[in-house]
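Visitor: I'm new here, and I'd like a walk around this chain. Could you show it to me?

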Amino acid sequence: MLTRSLARADHPPLDAVLRLAREVALLPADRADVPPRALLVGGMVRDALLDRETSDADVEVYGVPAARLEPLLESAFPDRVNTVGRSFGIFRIHLAHGIDLDVSLPRTESKVASGHRGFEVRGDPFLPFAEAARRRDFTVNALAADPLSGALHDAHGGHRDLLARELRAVDDRTFADDPLRVWRAVQLAARLRFTVAPHTTALMRAMVARGDLAELSRERLTDELRKLLGDAEAPSVGLAVARETGALAASFPEIEALAGTPQDPEWHPEGDVYTHTAMVVDAAAAIVRSGRWELDDAERLHVVLAALVHDLGKPATTARAVKNGRERIVSPRHEAEGEAPARAVLLRLTFGDDAERAALAVVRHHLAPGSLYYALLRGEMDERAYGNAVRKVLKRLHPVRWPVLLAACEADWRGRAIDGVAAGPYDPGERFAAAVAAGGFDLEPVKPLVQGRDVLELGVGAGPEVGRLIREVEEARDRGEISGREEALALLRRLARA
């Protein structure tokens, strides 16, 4: 059944899986009713059936006690077996850099305390497959396959749900044992473009209402958010699940507050700020995949994360005001006011300092490329002043790279229901990038035009006066009064003589 799908799976551990399966099949049986066999389980089986690239491999070995399994693994994969989990019947085989194969006995997991460590795990090589699969979260993840024959093992209707593209809990009781499964449903729904079965949605809603999500550690929640924002083509699909179950309000009330916050229909005909944010996140996911801004892997995640939090200042600042004789919906200073709620969201996660720095920089400056571009078009600044304003933005962004800002701003631009913006050129970003290239700002955007030695050569003694003169020159540069080094040196000479 599954042989052709597995053969198409371009996955480095597959050879190791086949080797292990052959070695296990050659072992004598301890019990006639449970012959030794190694089954592929979980995500690799699901993804192979969906013709998706797969990134993990897990094997459950039946009919082989741990005392016999461990030496078999050591023999087949010498010096590559991590035995830290042997007390639970779990082993990890290191195959290559960043590539591991997880091998375990069938097991049960019983909730005995709060938190993700509060489980009693019992490995049992003779456990029936249906019981071993019951600890899984969703039926589509409870599938198994024999790597030698390709035969599919499905005790809980996972193949049916796979064809229906639906996430359904395997067992209500075991599902509710782990509150992380609510957020796992969020990211899986988005990554696979699946719906969640109504009964499972109701189960998740009850878990949230009970306060179960309070048990989640920052690290575990971050892992699921990383998959949602980094792997899904349309993260908004998962966000919709999070809203429907109450998980978004429970974990991130600052994001939930965007729903119902109105926007001016002329600029945002799509609706409220939440609707706009969902569109921006999807646009960001598409932009980082396009490779347009030459971002590295970390920066791609930073852009989508920034898109999620970029407008968190709007609920506190949105009001109605009369402008040019018309009532408009405005959100003055929402970018400055958005820093505190964005920081609050990021503090509940563990994406790291670089991610936080990038997201907050986007929150603060996401209006800059557009406002500078339109000021230039209206003749409110000339090319020199525009270039200097771009340089100042880069200076404030540092050490965040400007392509991160432009990618997030492009997503903000495209995340609106206005004809042409979804596919047309992003003119503010193109003009901004051209100014960076023309001014050489990408090389040293924050390096002062004059250095300490320039000041000392004018006879100024070492001390605080040196720093003061450099700052005065830089302030003049920021005001657009000077631009190049020659103008800076001339100003420095005048200041030193004053």
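Visitor: Is R165 buried, partly exposed or exposed, and what relative accessibility puts it there?

Guide: A quick note before we start: this is a predicted model, where local features need pLDDT of at least 70 and side-chain atom pairs count only at pLDDT 80 or more, while totals for chains, interfaces and linings use all residues. Residues are numbered from 1 along each chain as its sequence is written, and side-chain values use heavy atoms, with hydrogens and water left out. Buried means under 20% relative accessible area, exposed means over 50%, and partly exposed is in between, using a 1.4 Å probe and protein chains only. R165 comes out at 38% relative accessibility, so it counts as partly exposed.

Visitor: Where does R165 lie, and what is its phi?

Guide: Helices here are DSSP runs of H or I with at least four residues, strands are runs of E with at least two, and both are numbered from the N terminus. R165 lies in the loop between α6 (158-164) and β10 (166-167). R165 is a residue other than glycine, yet its phi is positive, near 55°.

Visitor: What about N324: where is it, and is it buried or exposed?

Guide: You'll find N324 in the loop between β12 and β13 (326-330). Its phi is positive too, near 55°, in a residue other than glycine. With a relative accessible area of 82%, N324 is exposed.

Visitor: Which residues does A319 touch, not counting residues up to four places away in sequence?

Guide: A319 lies in strand β12 (residues 319-323), and it is partly exposed because its relative accessible area is 37%. A319 and I329 are ten residues apart in sequence, but 5.8 Å apart in space, C-alpha to C-alpha. Contact means heavy atoms within 4.5 Å. Leaving out residues up to four places away in sequence, A319 touches R328, I329 and V330.

Visitor: And R80, which residues does that one touch?

Guide: Look for R80 in the loop between α4 (66-76) and β3 (81-82). R80 is partly exposed, given its relative accessible area of 38%. With residues up to four places away in sequence set aside, R80 touches R92, I93, H94, L95 and A96.

Visitor: How far apart in space are R80 and E233?

Guide: In sequence, R80 and E233 are 153 residues apart. In space, going C-alpha to C-alpha, the two are 35 Å apart.

Visitor: On to the helices. What should α23 span, and what is the distance between its end C-alpha atoms?

Guide: The expected span of a helix is 1.5 Å times one less than its number of residues. Helix α23 (residues 427-439) has 13 residues, so it should span 18 Å. Its end C-alpha atoms agree with that, being apart by 18 Å.

Visitor: Why do the buried residues of α23 line one face of the helix, and what arc do they fall within?

Guide: The buried residues of α23 are P428, G429, F432, A433, A435 and V436. The arc is that of the directions from the helix axis to the C-beta atoms. Seen down the axis of α23, its buried residues line one face because they all fall within an arc of 155°.

Visitor: Which helices do those buried residues pack against, and which residues are exposed on the other side of α23?

Guide: The buried residues of α23 pack against α20 (368-377), α21 (383-397) and α22 (402-414). On the other side of α23, the exposed residues are A437 and A438.

Visitor: How many residues of α22 are buried?

Guide: α22 has 13 residues and reaches 18 Å from its first C-alpha to its last, close to the 18 Å expected. It is mostly covered, and the count of buried residues is 13 of 13.

Visitor: Which residues does the cis peptide bond join?

Guide: Go to the loop between α21 and α22, where P399 lies. Omega is about 10° at this cis bond, which joins H398 and P399.

Visitor: Stepping back, how many helices and strands are there, and what percentage of residues count as buried?

Guide: The secondary structure of the chain comes to 26 helices and 13 strands. Along its principal axes, the C-alpha trace spans about 100 × 60 × 40 Å. Of the chain's 498 residues, the share that counts as buried is 52%.
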